[in-house]
2 protein chains.
Amino acid sequence: MSELRQDPTTKIWVIVAPERAQRPQQEVKKRRVEELPPYDPACPFCPGNEDKTPDEVFRIPVATESPAWDVRVVPNRYAALIPACGVARREHGRFFRRMEGFGVHEVIIESPSHNTPMALMPYEQVEKVLLSYQERYNYLKRNRMLRFITIFKNHGWASGTSLAHPHSQLVATPIIATHYHQKFDIAHDYYSDEASCLYCDLIASEMEQGQRVIAETAQFMVFQPYASRVPFETWIIPKDHYASFGLYPSENLGDLARALKDVLLCLYHELDNPAFNYTLDTSTTADEDDPYYHWHLRIVPRLTTIAGFEIGSGIYINSSLPEETSRRMKECCTSLSGEGLISLCPVTSA
Amino acid sequence: MSELRQDPTTKIWVIVAPERAQRPQQEVKKRRVEELPPYDPACPFCPGNEDKTPDEVFRIPVATESPAWDVRVVPNRYAALIPACGVARREHGRFFRRMEGFGVHEVIIESPSHNTPMALMPYEQVEKVLLSYQERYNYLKRNRMLRFITIFKNHGWASGTSLAHPHSQLVATPIIATHYHQKFDIAHDYYSDEASCLYCDLIASEMEQGQRVIAETAQFMVFQPYASRVPFETWIIPKDHYASFGLYPSENLGDLARALKDVLLCLYHELDNPAFNYTLDTSTTADEDDPYYHWHLRIVPRLTTIAGFEIGSGIYINSSLPEETSRRMKECCTSLSGEGLISLCPVTSA
């Protein structure tokens, strides 16, 4: 049974989950997907092994009534948080604030194929993954004790993943994490001053500057932020204002799927299948129609390791200029779209 | 030439330093120090290669007038920040706040020996390293444009180090990093409410609970925090109130050296020479006599990798209970002091 503990010196929450140490570690150190089989009989996420996961909570079948599936969502067997406990805060003395490990931790199995990373999936499959995210987000938000829902993906050994089969995760918590608190506060202050959304204005400024914008689709802008923390950090952000991913029109998720898959394919080619994380940064479940926040998807390649300076200070050292890495991404984009491999069209620099 | 850029959505600063990409990567993947030679003719930090580093700014000689040294401090050849530039903030449009990469980045070469990690150094050598930290801290703080000085160490490949020869680093910046801002704000709020130092009160509470305290020396308490972010996170904190490491009585650094070396030796034995970082969390250079902050040394073993959930939310998942890992550290302590290898005496649990 896990618990949530708060550090009194930083207000940062930590999930202490000794059960997580029992997780099996698969052969994810193999970097090349070519070295992985399309089906692994020992993999709990491969078709035929559905009984090796907890009972599924959602699926997209291959066809109506078909027992075969395109996407499955299951509770995480080694869950960091579980729904069957309380949310009361307890104090062990003055400095030792804790809650039982209440929450939801799910796994989105992105495909029946063991060795097809998202970069190589058809657009329709990526769209089904995104629809599953939204479905679970909107289902879980009805529980008002779940105040925040983080959706994220770990790809490749250096990203912290323990299983090779393509999957994403969802963690719903009874607390709003420090990082998001800070982002909400900053966006709220900006709105108080300017009566406009920080992110909407940032999109307009990035478009105007042009140097870091890689591509634009009907609904999304793809860019590398001015203060990218790591080389090739890339954001995909809806051009229209929506605070919450939950309320985003699901008919636009096909457009997002194309942008996401194409960006990941460019990274795959440019950086030789790099490890990466992405996170879907969205509003709290209670503030889905905020005028000041604006959801976005943040892709963070794991090419370098943070060291003592970053751990201590929270200042990042990025050894690449985003203007330079976005130029490389645009060139890669041009070359792949020339080969008919992607649909994303790079913008021409201002 | 590097620059400091601020992310408008988080206020986090990033040092963009393309020159850092040119750093040589030594054979640090070898985990066992036994596999490293005591002297490596290609290592810029080994004796005889003094001309391969920039001119030294400080040294502790083996003896007065001796050309041989015990500790050397040199500017980092691949510095993230340099002193020869301005500190004015510039705005490229509304969202693109930047400064030239002003600051100081130094390397503390901890020993002439290529293969003696701090865990295996004599106490006197560790004390000389700590005296060098303090010497450089107090020298650099006189430049009032340097508002914060971070001292840290990266040990082992997974810690982000690029050179095997034992060394620490110092980075002095014209800005106060977000992480420290938050810690100062929280400690300041606590002081406003309680008229006492958060850390002094925390020390008393940890002592009273006893479960996470590993050892106590004349001047220091060694413990693993209640909300440890990673397994075996360990703090060494002075029992008396000092906001700044710069003003800490240098005659007590011998006591700190013994505590630090003994803790690192326990980690070395218990976790088989793990990769780790430590950071010296201290006040700003302008607030060295604050009643509310309290410097401490934070050791962060790198046994696990942060993943998408931590990157997105800032909530950490720790797969170990600090009560359990500090019990293991105490047992290790008892056994090593029984062999006469360390001087640290574990406390008996309350």
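Q: In which sense do strand 2 (residues 13–16) of chain A and strand 15 (residues 316–318) of chain B pair?
A: This is a predicted model, in which local features need pLDDT of at least 70, side-chain atom pairs count only at pLDDT 80 or more, and totals for chains, interfaces and linings use all residues. Residues are numbered from 1 along each chain as its sequence is written, chains are lettered from A, and ligands are numbered from 1, in the order in which they are written. Strands (E, at least two residues) and helices (H or I, at least four) are DSSP runs numbered from the N terminus, and two strands pair if DSSP finds at least two bridges between them. Strand 2 of chain A and strand 15 of chain B have three bridges, and the sense of the pairing is parallel.

Q: How many residues of chain A are in contact with chain B?
A: Contact requires C-beta atoms, placed from the backbone, that lie within 7 Å. On the side of chain B that touches chain A, helix 2 (residues 178–194) of chain B gives the most, with six residues. By class, that side of chain B has 33 nonpolar, 27 polar and nine charged residues; Ala, Val, Leu, Ile, Met, Phe, Trp, Tyr, Cys and Pro count as nonpolar, Asp, Glu, Lys and Arg as charged, and the others, Gly among them, as polar. Chain B contributes 69 residues to the contact, and the number for chain A is 69.

Q: What kind of axis relates chain B to chain A?
A: With copies superposed by least squares on the C-alpha atoms of residues with pLDDT of at least 70 in both, chain B can be laid on chain A with an RMSD of 0.0 Å by a turn of 180° and a shift of 0.0 Å along the axis. The same surface serves both copies, as 100% of the contact residues of chain B recur in chain A. The relation is therefore that of a two-fold axis.

Q: Which strands are the edges of the 10-stranded open sheet of chain A?
A: The sheet runs 3-4-7-9-8-13-14-12-11-10 with antiparallel pairing. Two strands pair on one side only, namely strand 3 (58–61) and strand 10 (213–216) of chain A.

Q: Which residue is the bridge partner of Phe220(A) in strand 12 of chain A?
A: Strand 11 (residues 220–223) and strand 12 (residues 234–238) of chain A run antiparallel and are joined by four bridges. The partner of Phe220(A) is Pro238(A).

Q: How many residues lie between strand 10 and strand 11 of chain B in their hairpin?
A: Strand 10 (residues 213–216) and strand 11 (residues 220–223) of chain B run antiparallel, with three bridges. Ala215(B) has Val222(B) as its bridge partner. The number of residues between the two strands of the hairpin is three.

Q: Which handedness has the crossing of helix 1 and helix 4 of chain A?
A: Helix 1 (residues 123–140) and helix 4 (residues 253–271) of chain A pack at about 120°, with axes 8 Å apart; axes are lines fitted to C-alpha atoms, for helices over the stretch in contact, and angles run from 0 to 180 degrees between N-to-C directions. The two helices are therefore oblique, since angles under 35 degrees count as roughly parallel, over 145 as roughly antiparallel, 65 to 115 as roughly perpendicular and the rest as oblique. A crossing is left-handed if the near helix is turned anticlockwise from the far one by less than a right angle, and right-handed if clockwise. The crossing of helix 1 and helix 4 of chain A is right-handed.

Q: How are helix 4 and helix 6 of chain B oriented to each other?
A: Helix 4 (residues 253–270) and helix 6 (residues 322–338) of chain B come within 10 Å and cross at roughly 100°. The two helices are therefore roughly perpendicular.

Q: How many charged residues are in the contact of helix 1 with helix 4 of chain B?
A: The two helices pack at about 120° with their axes 8 Å apart. Helix 1 of chain B passes helix 4 of chain B in a right-handed crossing. Among the contact residues are Tyr123(B) and Glu127(B) of helix 1 and Arg258(B) and Lys261(B) of helix 4. By class the contact has eight nonpolar and two polar residues, and the number of charged residues is three.

Notes
Contact = placed C-beta atoms within 7 Å.
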